[in-house]
Amino acid sequence: MQTRTRRLRSTEAIRKLVRETRVSSSALIYPLFVRAGTGVVEPLPAMEGQTRYSADTVVKAVEAALQVGVSSFLLFGLPDSKDEIGSGAYADDGVIQQSLRNLKGAFQDDICLITDLCLCEYTSHGHCGVIANADVDNDATLALLAQTAVSQAAAGADIIAPSGMMDGTVATLRAALDTYGMIQVPIMSYAAKYASAFYGPFRDAAGSAPQFGDRKSYQMDYHNSREALRRVLADVDEGADMIIIKPALTDLDIIARVSDATKIPIAAYSVSGEYAMIKAAAKLDLIDEYKAMCESAVTVFRAGAGMLITYFALELAEAIKRGDIG
Ligand code: PBG
């Protein structure tokens, strides 16, 4: 074999040509927080740069996102009042239902609206389901989730994303949607969701921190990875069309493993704590925010995710447009 005495030529154009990972703004999903009321444009202190909207103002936010090339959104609702059974989640005039109608009215199928389906933002105790004997009652919760999914789909949701981690959720939702003739509405299940410290800023933003206990009985232990695979396969079996793995950066191994083991489309959720870490470290001048944002997004795709849910969606779309990544 001939010994090389020179390095291969490496121009920016060549490096871009041989890149193994391509990213596109069409793979980005931007989370939006909508609360009750009108005219709300409220900065979220725990998540600098993110905003809480109401069902009317969210239309402008989506219009701005469309302009930079982001057209998929994950909607979270913050109701006016909460109760034991999270009834704001499935109310016909609920904050999410109103937002869906307004957004679909304005943009039709130019946008893809994914609704986070969970009760924790709507329950007074902050847990993801109804409580019985100081614990979440799995089966009683399923009935309410089914009602919520049908109500969201009827209001215009393109994809339903159950995040509550109750056993049997996907099968229950599929059956409920099919019963109401919504057989065409896909389910994107949060199949592998770890009980994570990185959800802290979100719980502040959504006012959904549990008032007692924690979510460890229904979210996964981060010591486990085969369990993630088992849950993904179970959700696929129950009829999930796509799955979410969350958080993202602490779960690159899980993303890779699931992507090797299945053909199901994978969305990784770069959660609020990941966003806040980059923001906070950049503020202290410890890291370059833009570069850290780009690197952490691309590596999630490199690991095997096909979609990325991220609070940096708009900035990433600009980075892609500029050719800094992609
Ligand atoms: C549950 C839900 C949570 C997040 C998304 N959906 C909170 C939780 O599990 O406690 C967290 C997202 C983030 O941290 O950005 N409805």
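The chain has 11 helices and 12 strands. Both kinds of element are DSSP runs numbered from the N terminus, helices being H or I with at least four residues and strands E with at least two. This is a predicted model, in which local features need pLDDT of at least 70 and side-chain atom pairs count only at pLDDT 80 or more, while totals for chains, interfaces and linings use all residues. Residues are numbered from 1 along each chain as its sequence is written, and side-chain values use heavy atoms, without hydrogens or water.

**Overall form**

The radius of gyration is 20 Å, which agrees with the value near 20 Å for a compact globule of 326 residues. That radius is taken over C-alpha atoms, and the globule rule is 2.2 Å times the number of residues to the power 0.38. Along the principal axes, the C-alpha atoms fill a box of roughly 70 × 45 × 40 Å. Of the 326 residues, 55% are buried. Here buried means under 20% relative accessible area, exposed means over 50%, and partly exposed lies in between (1.4 Å probe, protein chains only).

Contact means heavy atoms within 4.5 Å. Among contacts with a separation of 6 or more, 73% join residues 24 or more positions apart. The accessible surface comes to about 15000 Å², and carbon and sulfur atoms hold 52% of that surface. Areas come from the Shrake-Rupley method with a 1.4 Å probe; for residues, only the protein chains shown count as cover.

**Charges and salt bridges**

There are 31 positive and 40 negative side chains, and the centres of the two sets lie 11 Å apart. Lys and Arg count as positive, Asp and Glu as negative; His and the chain ends are left out. Each charge is placed at NZ of Lys, CZ of Arg, CG of Asp or CD of Glu.

The whole structure holds 13 salt bridges. A salt bridge is a side-chain nitrogen of Lys or Arg within 4 Å of a carboxyl oxygen of Asp or Glu. Three of these pairs follow.

| Pair | N to O distance |
|---|---|
| Arg52 and Glu42 | 2.8 Å |
| Glu227 and Arg231 | 3.1 Å |
| Lys279 and Glu289 | 2.8 Å |

Arg52 and Glu42 form a salt bridge. This pair links distant parts of the chain, from strand E3 (residues 51-54) to strand E2 (residues 41-43), 10 residues apart. Arg52 is buried at 17% relative accessible area. Glu42 is partly exposed at 26%.

Thr51 also lies in strand E3. This residue is buried at 18%. Beyond neighbours within four places in sequence, Thr51 contacts Phe33, Val41, Glu42, Pro43 and Leu44.

Glu227 and Arg231 sit four residues apart in helix H7 (residues 226-238), so about one helical turn separates them. Both are buried.

Lys279 pairs with Glu289. Lys279 is in helix H9 (residues 272-283) and Glu289 in helix H10 (residues 289-303), so the bridge ties together parts 10 residues apart in sequence. Lys279 is buried at 14%, whereas Glu289 is partly exposed at 26%. Elsewhere, shared partners join the salt bridges of Glu12, Arg15 and Lys16 into one network.

**Backbone details in loops**

Lys246 and Pro247 are joined by a cis peptide bond, with omega about -10°. Pro247 is in the loop between strand E10 (242-246) and helix H8 (252-261).

Gln108, not a glycine, has a positive phi near 45°. Its loop runs between helix H3 (95-107) and strand E5 (112-117). Gln108 is partly exposed at 44%.

Asp285 has a positive phi of about 65°, again without being a glycine. Asp285 lies in the loop between H9 and H10. At 71% relative accessible area, Asp285 is exposed.
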